[in-house]
Amino acid sequence: MTHDGTALTADLVRTLLRAQHPDLAERPLRLGARGWDNQLWRLGDDLAVRLPWATATADALLLKEHTWLPVLAPRLPLPVPVPQRLGAPSAGFPRPWIVTTWVPGTPGDLAPATRGREAADALAGFLTALHRPAPDDAPAGRERGGPLAPLVGQFERGLASAVELGLLPDPETVRAMRAIWADAAAAPVWSGPAVWLHSDLHPANVLTADGTFCGMIDFGDLCAGDPACDLAAAWTLLPDGALDRFHTTYRTAYQPAFRPAQDPATHAAVLRRARGWALFRALGCLLIGETGRRGRPGGKPSWAPPARAALRRIVPTP
């Protein structure tokens, strides 16, 4: 059901297509996924219909993708869902919706990357291509891409919840997490130009095949800001042992186009902030996974294993 009570069904999706994009209406149609903001219906072999359903903000996120992804996609080395058609609000469905290209692959929460060298190179190549200075009219992030300090309350509440639920039974681990977060929040803020960010690179928003990344999806939180927000993905998405290769590949490729990355102090501060973002994201995914394990709304049990793996990479162990 959408937030206004509309039931999303195959019949409804086909009716919308017949009314606004009749040349696509008779293609095979089946439910692909239910995300936080949108439902995804696969349309034939190469397209998908995305409709907002669970949040009031989803409309704006879809329209943002429709505006900006066609601009960014040609320079990205991995496939992304490129909007092809726009559906207007109507009596049958009073919200905008889009038709995009279909990106094949398996979500990373179900099939994590296992080939470290290949995955590190693929992720570094994608972020190198994406992280270019954004125009002045680029969208702002929803608490992403900016300083970490304003998120301290959210971090502490999440940490307290994880401890209360028994997800972090070791007090030393909790103390180490607080120290990592404090260091990240105290790092110098980003002084370079605001760059394009995906800003939501958790395991369910990357696609894998043959042990490496084959696509990036869900650009609803596309925004401009501090690249550290995206560089957190090195801890949360890559297999063990791939972190150093990612950082070397990303920085080497980025230097000719982006002068701040050449300064060692600036680069060190970026990595401190990125580690904090990785911790923040892994903690959130851990809680979402536990919510799913308990069968509660909004939970996704498949998010817990990659979150635990990420925390082992982020937090040093004796």
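Which residues have the most contacts inside the largest nonpolar core? In this predicted model, they are Phe213, Met216 and Phe246, and the core itself has 74 residues. Helix 9 (residues 264–293) supplies the largest share of this core, with 10 residues. In soluble globular proteins, nonpolar side chains tend to be buried together.

Apart from neighbours within four places in sequence, Phe213 is in contact with Leu78, Ala113, Ala119, Ala122, Leu123, Val206, Leu207, Thr208, Leu237 and Leu238.

Arg273 is located in helix 9, while Pro306 belongs to helix 10 (residues 304–314). The table gives the relative accessible area of each.

| Residue | Relative accessible area | State |
|---|---|---|
| Arg273 | 4% | buried |
| Pro306 | 10% | buried |

Arg273 counts as buried because its relative accessible area, 4%, falls under the 20% cut-off. The side chain of Arg273 makes a polar contact of 2.6 Å with the side chain of Asp226. Not counting residues up to four places away in sequence, Arg273 touches Asp226 together with Leu148, Ala184, Ala187, Pro188, Val189, Trp190 and Ala228.

For Pro306, the contacts outside four places in sequence are Asp109 and Pro203. The C-alpha atoms of Pro306 and Leu110 are separated by 9.0 Å, although the two residues are 196 residues apart along the chain.

**Helix packing**

Helix 4 (residues 152–164) and helix 5 (residues 171–186) have axes that come within 12 Å and cross at roughly 170 degrees. The two helices are therefore roughly antiparallel, since an angle over 145 degrees is classed that way. On the helix 4 side, the contact is made by Val152, Phe155, Glu156, Leu159 and Val163; on the helix 5 side, by Val174, Met177, Arg178 and Trp181. Sorted by class, this contact has seven nonpolar residues, two charged residues and no polar ones.

**Helix 1 and its cover**

Which residues of helix 1 (residues 10–20) are buried? They are Leu12, Val13, Arg14, Leu16 and Leu17.

Notes
Residues numbered from 1 in each chain as written. Predicted model: local features only at pLDDT ≥ 70, side-chain atom pairs only at ≥ 80, totals over all residues. Heavy atoms only, no water. Core = buried A, V, L, I, M, F, W, Y, C linked by side-chain atoms within 4.5 Å. Buried < 20%, exposed > 50% of the residue type's maximum accessible area, 1.4 Å probe, protein only. Helix = DSSP H or I, 4+ residues; strand = E, 2+ residues; numbered from the N terminus. Contact = heavy atoms within 4.5 Å. Polar contact = N/O pair within 3.5 Å; in protein donor to acceptor, adjacent residues only side chain to side chain. Axes fitted to C-alpha atoms, helices over the stretch in contact; angles between N-to-C directions. Parallel < 35°, antiparallel > 145°, perpendicular 65-115°, else oblique. Nonpolar A, V, L, I, M, F, W, Y, C, P; charged D, E, K, R; others polar.
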